[in-house]
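Have the viewer open as you read.

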Amino acid sequence: MKILLHVCCAPCCIYPVQSLRTGNLEVMGFFYRNNIHPYTECLKRQDTLQTYAEQIGLPVIYQKGYDLEGFVQNVVYREKDRCSYCYHERLRTTALMAKRGRFDYFSTTLLYSKFQKHDMIRSIGESVGKSAGVAFFYEDFRKGWQHGVETSKSMGLYRQQYCGCIYSEKERFYRPEKEH
Ligand code: SF4
């Protein structure tokens, strides 16, 4: 059985890929780029994934183009709800690609993160899977959180400090109280 796995970054795919392979699934990765800002950060995450994927023999499809403008236009004025749009776009794109490629399932490494909205991701995955006609594979990959952290650190993989979009970068680093 084949599964297309949306991969947000190398550290987050360590445990999910191991777990899926243990379940005898043939895994292919898909790296979505539009929500990772700025472009140099996107390339840094992509390069890290390319290096890691080669090491573990994981084939990966890398999204073509870089529609930062489209992402921002779709979340402007509803920045607080931007994650639901972001999850939806990433999962919908993955599901459609999985359908075209005749995969049995699709899933996402977002289910690994302790910092993401896990239940929302599951619900959106199941919904876009139904619309696209391909099954969403759900597993709570968060149980492998510590393993992923330790492995990525021991391998010296680049570990990003914020989720991806420019808004999340601001939330991570902007501390108005420290300004004068
Ligand atoms: S914080 Fe993360 S999940 Fe939310 S919109 Fe930004 S990149 Fe997407």
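## Alanine 95

Alanine 95 belongs to helix H4, residues 82-100 (helices are DSSP runs of H or I, at least four residues, numbered from the N terminus). Alanine 95 counts as buried because its relative accessibility is 0%; the cut-offs are under 20% relative accessible area for buried, over 50% for exposed and partly exposed in between, with a 1.4 Å probe and protein chains only.

Skip the neighbours within four places in sequence, and alanine 95 touches Phe106, Val128, Ala132 and Val134, where contact means heavy atoms within 4.5 Å. Take alanine 132: 37 residues separate it from alanine 95 in sequence, yet the C-alpha to C-alpha distance is 6.2 Å.

## Where the numbers come from

This is a predicted model, so local features need pLDDT of at least 70 and side-chain atom pairs count only at pLDDT 80 or more, while totals for chains, interfaces and linings use all residues. Residues are numbered from 1 along each chain as its sequence is written, and side-chain values use heavy atoms, with hydrogens and water left out.

## Around the ligand

H4 turns up again here: it supplies the largest share of the shell around the ligand, five residues. Residues surrounding the ligand include Arg82, Cys86, Gln116 and Ser168, going by a heavy atom within 4 Å.

## Helix H6

In H6, residues 145-155, the buried residues are Trp145, Gly148, Val149, Thr151 and Ser152. They pack against helix H1 (10-22).

Methods:
Helices (H or I, at least four residues) and strands (E, at least two) are DSSP runs, numbered from the N terminus.
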